[in-house]
Amino acid sequence: MAIRKILEFPDPRLRTRAARVDVVDTRIQILIDDMFETMYDANGIGLAASQIDVHEQVIVIDLSSDRTEPRVFINPEVKITDDSLEGFEEGCLSVPGFSESVERPKAITVKALDRNGNVIDEQLTGLLAVCLQHEMDHLQGKLFVDYLSPLKRQRIRQRLEKEQRRRA
Ligand code: NI
């Protein structure tokens, strides 16, 4: 396993649309292992492959505090089952140090494949629904800052660019 570099906003590669995975094989399972290691190392609860510059539809999530409940969603397709919106304070490993309230539909169903290529068909609510929708956005090249006002987004962009220049 390996820790991969996480791309940070406003890196244009984060705007790439991810392609569907054709076969869930060893290559994808190694990618999944690396994604978990990268996410755990960064203390995140979710990571999309897009964030490590791999543009395939793979998402990993673990909401448990002891990091023992790994979930994998490959080629996820979502249907909204309750379109009433709920606000949640979201953060993102690609937008480090910032969190803002984003409103999303409260309940969804997801169809996807797991790490063994088995079909998942589940109803999701609460934090798992929020997290999956956030990660699905990454696969479309979308970030949570896109839901904010242009002014707020610009402020976050400038602060992160400054930090990135300082590190370079
Ligand atoms: Ni994110």
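# A selection tour of the predicted chain

Start with the whole chain under a surface: its accessible surface comes to about 8,900 Å², with 48% of that belonging to carbon and sulfur atoms. Areas here follow the Shrake-Rupley method with a 1.4 Å probe, and for residues only the protein chains shown count as cover. This is a predicted model, in which local features need pLDDT of at least 70 and side-chain atom pairs count only at pLDDT 80 or more, while totals for chains, interfaces and linings use all residues. Residues are numbered from 1 along each chain as its sequence is written, and side-chain values use heavy atoms, with hydrogens and water left out.

**Whole chain**

Switch to a cartoon. The chain has 3 helices and 5 strands, in the order α-β-β-β-β-β-α-α along the sequence. Helices (H or I, at least four residues) and strands (E, at least two) are DSSP runs, numbered from the N terminus.

Show the C-alpha trace next. Along its principal axes the trace spans about 45 × 40 × 30 Å.

Colour by relative accessible area: 45% of the 168 residues count as buried. Buried means under 20% relative accessible area, exposed over 50%, and partly exposed in between (1.4 Å probe, protein chains only). For contacts, meaning heavy atoms within 4.5 Å, take pairs at least 6 apart in sequence; 65% of these join residues at least 24 apart.

Now select the charged side chains. The mean positions of the 24 positive and 29 negative charges are 7 Å apart. Lys and Arg count as positive and Asp and Glu as negative, with His and the chain ends not counted. Each charge is placed at NZ of Lys, CZ of Arg, CG of Asp or CD of Glu.

**The nonpolar cores**

In soluble globular proteins, nonpolar side chains tend to be buried together. A nonpolar core is a set of buried Ala, Val, Leu, Ile, Met, Phe, Trp, Tyr and Cys residues joined through side-chain atoms within 4.5 Å. Select Leu31, Ile32, Met35, Leu47, Val58 and Val60: these have the most contacts inside the largest core, which has 17 residues. Helix 1 (26-41), strand 2 (58-61) and strand 3 (71-91) are the elements that give two or more residues to this core. The most comes from helix 1, with 6 residues.

Centre on Ile32. Beyond its neighbours within four places in sequence, Ile32 is in contact with Val58, Val60, Val72, Ile74 and Arg115. A second, separate core has 16 residues, among them Ala48, Ile108, Ala112 and Leu139.

Move to Asp137, in helix 2 (residues 126-139). Asp137 is buried, at 13% relative accessible area. Leaving out residues up to four places away in sequence, Asp137 touches Arg104, Lys142 and Tyr147. For a distance check, pick the C-alpha atoms of Asp137 and Glu163: the two residues are 26 apart in sequence and 25 Å apart in space.

His138 is also placed in helix 2. With a relative accessibility of 1%, His138 counts as buried. Apart from neighbours within four places in sequence, the contacts of His138 are Leu14, Thr16, Ala48, Ser50, Gln51, Cys92, Ser94 and Leu143.

**Strand 3: Arg71**

Select Arg71 in strand 3. Arg71 is partly exposed, with a relative accessible area of 24%. Not counting residues up to four places away in sequence, Arg71 touches Phe36, Ile59, Val60, Ile61, Ile120, Glu122 and Leu128. From Arg71 to Phe36 the C-alpha distance is 9.5 Å, for a separation of 35 residues in sequence.

**Backbone stops**

Show backbone atoms at Phe9 and Pro10, which are joined by a cis peptide bond with omega about 5°. Pro10 is in the segment before helix 1.

Go on to Asn43, in the loop between helix 1 and strand 1 (46-48). Asn43 is not a glycine, yet its phi is positive, about 60°. The residue is exposed, with a relative accessible area of 65%.

End at Asp53, in the loop between strand 1 and strand 2. Asp53, not a glycine either, has a positive phi of about 65°. At 33% relative accessible area, Asp53 is partly exposed.
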